[in-house]
Amino acid sequence: MPIEDVAELISALEKAGELKRIKTQVDSDLEIAEILRRVMYANGPAVLFENVKGYDMPVLANAFGSIKRLQIGLEMDDFTEIGQRIVDMTKMEVPSGFLNKIKKLPELSKMGEVFPKLEKSGPVTEVIDENPSFSKIPILKTWHKDAGRFITLGLVATKHPETGVRNLGVYRMQIIDDTHALMHWQKHKRGAHHGDISKERGEKIPAAIIIGAEPATVFSAIAPVPEGLDKYLFAGITRQKGIKTVQCKTQDLEVPANAEIVLEGYVDPSDIRDEGPFGDHTGYYTPVEPYPTFTLTGIMRRQKPVYLTTIVGKPILEDAYVGKVIERSFLPLIRMFHPEVVDFAMPAAGWFQGMAIISIKKRYPGQAKKVMMGLWGTGQLALTKMFIVVDDDINVHDFNDVIWAITTRVDAARDCVIINNTPTDTLDPASPLVNFGSKLGIDATQKTCEEGFTREIQEKVAVDEPTKNLVDSKWSSYGL
């Protein structure tokens, strides 16, 4: 059975030796964050802080800070399974004829099992707070020049104001006072789009901040799923079992029944205030910028909730591992639209949107540039500022191999593509304007005569089979 809540996740991590309990009193103001940075940079365990100064609520962090912990949380070893399930669903044929429909029933019933299910109540409805306040939650201040305390792993639930499709996104929130926070949903994010539609209609948009959902829902909130796909359904596809939801008390939204805490409220697109600075996952402080205000209208929570959070900064920290799962899980979807793609990697040091490396099975001239253009037109990949395309003999996860391909198969004038005046990630510290800059594409595939390469293609060095077999057969005798 899939993990249902944070308590089960803690138990599974502890059983696997992947969690450390800290009983010493710690401060949510800077101290916890510095402890976590040292643990994360040292590839340390998940940490449960049981004695947080001024609060009776423990803090859990680094719960997803390794591939092993994500394998435990999502209960799978091969994350490409997630994307493959979506691909398989899109290819499923509707059977004709009674007997064929009967044969298809087991497969169709499995599809139904992944849909969310609305319940009357759940663990998160155990306590309904009549006087909601952010001050009751051990929200961290991470860096000393941060503008204040920030919620960093809140899953922001909204609905498309016109279609009603539900979305989850992870947008940091700066706490202003007991009932107000700033919603840092960047221009290209789905939540911001929902906010823009509401603003055009002269309306506030209901929002709920989910803290401490089970792992598949956390992953679904972070993942850039295809437009129009309900995030709760995606969570069900990920865990192969639909999640249970409950209705909020003060807003018309559904939230996971097994969450630890739900902060209900609304975002007022007309109430804009300065947000930041904030030490972000690029390794730089994001400067002060205007963002809309979230007003807290209610809190639902468990009797004894755990505050699940994370910290960000210069890579590699916890978010890099979640990024690796996104990379693996979306490979089948990329292949569905670009079948020549063999593999895909987004190096952790590139903070998700900075760089992607793609290997292809090249069949015709210009194919590498075709793939670049196609991926720049695909969802959140539109914000990736550098693409490197290599042949299928290159391991995209071995940067030494990639550098070898770049230095032996790239001519700068011929193979570098620069596209000006394009959307960029809001957090890109190098773009000349916020949200607007340029892209770099590097075609590091072997060029052909059709692409203007008139020289003889040099032969790669490789060991001959007789020598390889000889050394294989005698290896144990060498004493090496």
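The side chains of Lys362 and Glu451 join in a salt bridge, with N and O 2.8 Å apart; the term means a side-chain nitrogen of Lys or Arg within 4 Å of a carboxyl oxygen of Asp or Glu. Lys362 sits in the loop between strand 20 (356-360) and helix 11 (367-376), and Glu451 in the loop between strand 23 (436-444) and helix 14 (465-474), so the pair ties together parts 89 residues apart in sequence. Helices (H or I, at least four residues) and strands (E, at least two) are DSSP runs, numbered from the N terminus. Glu451 is buried, at 18% relative accessible area; buried means under 20%, exposed over 50%, and partly exposed in between (1.4 Å probe, protein chains only).

This is a predicted model, in which local features need pLDDT of at least 70 and side-chain atom pairs count only at pLDDT 80 or more, while totals for chains, interfaces and linings use all residues. Residues are numbered from 1 along each chain as its sequence is written, and side-chain values use heavy atoms, leaving out hydrogens and water.

Let's look at another pair. Glu275 and Arg172 also meet in a salt bridge (2.8 Å, N to O). Glu275 belongs to strand 14 (residues 261-275) and Arg172 to the loop between strand 8 (166-170) and strand 9 (173-177), 103 residues apart. Glu275 is buried at 0% relative accessibility, and Arg172 is buried at 8%.

Now turn to helix 4 (residues 80-91), where Arg85 and Glu81 lie four residues apart, about one turn of the helix. Their salt bridge brings the closest N and O atoms to 2.9 Å. Arg85 is buried at 15%, whereas Glu81 is partly exposed at 34%.
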